[in-house]
Amino acid sequence: MNRRQKKKQFKKRFGINPPRGISIKTATCTMQHREKVIAAFERIKKAILDLWEMIKQPALELATALKEATTALISNKEKRRRQYAALQVFQTKVITQQRQQESEVMQIESDINISNHDRR
């Protein structure tokens with residue numbers, strides 16, 4: 001049986017074309033056990049969701065406690081250093097925006113000068 005015939009047989013049996021990335025034999029095997037695979041993944045999904053519900057509250061409490069501990073351990077010197085670093089980042093952003101606006105203004109002015117020069 002050639003590939004075309006196998007493809008037609010697959011479509012007749014399962015109602016869809018076989019996927020392109022794998023062989024028809026593998027696709028047929030997968031489609032035969034499709035219900036078992038779907039059921040297994042549903043059980044895995046349910047188990048993960050149940051596990052998350054069990055550990056969600058303790059994990060959130062742990063995250064809150066760690067956040068409080070790290071903020072309590074940061075010294076005033078470190079706080080000032082972080083604020084200074086954040087201020088420098090902000091200043092560089094402002095300066096780059098100003099330069100960009102200035103370059104846009106210069107471009108507009110040069111375009112106006114060029115159009116005025118053309119009129120003469």
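**Figure 1. Met54 in helix α3.** Met54 sits in helix α3, where helices (H or I, at least four residues) and strands (E, at least two) are DSSP runs, numbered from the N terminus. The model shown is predicted: local features need pLDDT of at least 70, side-chain atom pairs count only at pLDDT 80 or more, and totals for chains, interfaces and linings use all residues. Residues are numbered from 1 along each chain as its sequence is written, and side-chain values use heavy atoms, with hydrogens and water left out. With a relative accessibility of 60%, Met54 counts as exposed; here buried means under 20% relative accessible area, exposed over 50%, and partly exposed in between (1.4 Å probe, protein chains only).

Figure 2. How many aromatic pairs does the structure hold? There is 1, counting rings of Phe, Tyr and Trp (its six-membered ring) whose centres lie within 6.5 Å; planes under 30 degrees apart count as stacked, over 60 as edge-to-face and the rest as tilted. The ring centres of Phe10 and Phe14 are 4.8 Å apart and the planes meet at 55°, so this pair is tilted. Both residues belong to helix α1, 4 residues apart, or about one turn of the helix. Phe10 is buried, at a relative accessible area of 3%.

**Figure 3. The buried side of helix α2.** Which residues of helix α2 (residues 24-32) are buried? They are Ile24, Ala27, Thr28 and Met31. These residues lie on the same side of α2 because they cover an arc of only 100° around the axis, the arc being that of the directions from the helix axis to the C-beta atoms. The buried residues of α2 pack against α1 (3-14) and α3, where contact means heavy atoms within 4.5 Å.

**Figure 4. Lys6 and Lys25.** Lys6 is found in helix α1, and Lys25 in helix α2. Is Lys25 buried or exposed? At 72% relative accessibility, Lys25 is exposed, while Lys6 is partly exposed, with a relative accessible area of 38%. The two lysines are 19 residues apart in sequence and 8.9 Å apart in space, C-alpha to C-alpha. Leaving aside residues up to four places away in sequence, Lys6 touches Met1 and Ile24.

**Figure 5. The whole chain, for orientation.** The protein has 4 helices and 0 strands, and along the sequence the pattern reads α-α-α-α. Its radius of gyration is 33 Å, well over the 14 Å that the globule rule gives for 120 residues, so the protein is more spread out than a compact globule. That radius is taken over C-alpha atoms, and the globule rule is 2.2 Å times the number of residues to the power 0.38. The C-alpha trace spans about 80 × 65 × 20 Å along its principal axes, and 6% of the 120 residues count as buried.

**Figure 6. Confidence along the model.** The mean pLDDT of the protein is 85, and 93% of its residues reach 70 or more; pLDDT is the predictor's confidence in each residue, from 0 to 100. Confidence is lowest in helix α4 (residues 76-119), at a mean of 83, and highest in helix α3 (residues 34-73), at 90.
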